[in-house]
Amino acid sequence: MPIDDVYMKSFQNQVQVLENMKTGIEAAIGRAQKRLAEVEQQVNDGKSTKEAIEDVFKKK
């Protein structure tokens, strides 16, 4: 296999790894936003911030 093909394959693998990391990070951000919305809703419903955070993270 020519050296250029080896470098190209390595580069493609690195791109795939980065794309997978991006997908994972986006999913984590989505979960964090959902939890934040749950905390905000509970605070709006009258709970203290501390209680809301404990409640949201305890049930996960």
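Student: Why is E54 called partly exposed?

Tutor: Buried means under 20% relative accessible area, exposed means over 50%, and partly exposed is what falls in between (1.4 Å probe, protein chains only). E54 has 37% relative accessibility, so E54 counts as partly exposed. Keep in mind that this is a predicted model, where local features need pLDDT of at least 70, side-chain atom pairs count only at pLDDT 80 or more, and totals for chains, interfaces and linings use all residues. Residues are numbered from 1 along each chain as its sequence is written, and side-chain values use heavy atoms, with hydrogens and water left out.

Student: What makes E54 and K50 a salt bridge?

Tutor: The term asks for a side-chain nitrogen of Lys or Arg within 4 Å of a carboxyl oxygen of Asp or Glu. Here the closest N and O atoms are 2.9 Å apart, so the pair meets the 4 Å limit. Side chains of opposite charge can pair when their charged atoms come close.

Student: Why are E54 and K50 about one helical turn apart?

Tutor: Because they sit 4 residues apart in helix α2. Helices here are DSSP runs (H or I, at least four residues; strands are E, at least two), numbered from the N terminus. As for K50, its relative accessibility is 58%, so K50 counts as exposed.

Student: Which residue pairs with K47 in a salt bridge?

Tutor: That's D55, with the closest N and O atoms 3.4 Å apart. K47 has a relative accessible area of 35%, so K47 is partly exposed, and D55 at 29% is partly exposed too.

Student: How many salt bridges does the structure hold?

Tutor: There are 4. One of them joins the side chains of E26 and K22, at 3.5 Å from N to O. Both residues lie in helix α1, 4 residues apart, which is about one turn of the helix. E26, at 45% relative accessibility, counts as partly exposed, whereas K22, at 52%, counts as exposed.

Student: Which residues of α1 are buried?

Tutor: E38, V39 and Q42 are buried in α1. Part of what covers the buried residues of α1 is α2, residues 49-58, with contact taken as heavy atoms within 4.5 Å. Just after α1, G46 has a positive phi of about 115°.

Student: What makes V17, L18, M21, I25 and I29 a nonpolar patch?

Tutor: Patches take residues with over 30% relative accessible area and no salt bridge; nonpolar side chains (Val, Leu, Ile, Met, Phe, Trp, Tyr) are joined within 5 Å, like charges within 9 Å. L18, in helix α1, has 55% relative accessibility and so counts as exposed. Together the five have about 480 Å² of accessible area, by the Shrake-Rupley method with a 1.4 Å probe, where for residues only the protein chains shown count as cover.

Student: How do you know that the chain is more spread out than a compact globule?

Tutor: The chain has 2 helices and 0 strands. Its radius of gyration is 21 Å, well over the 10 Å the globule rule gives for 60 residues, so the chain is more spread out than a compact globule. That radius is taken over C-alpha atoms, and the rule is 2.2 Å times the number of residues to the power 0.38.
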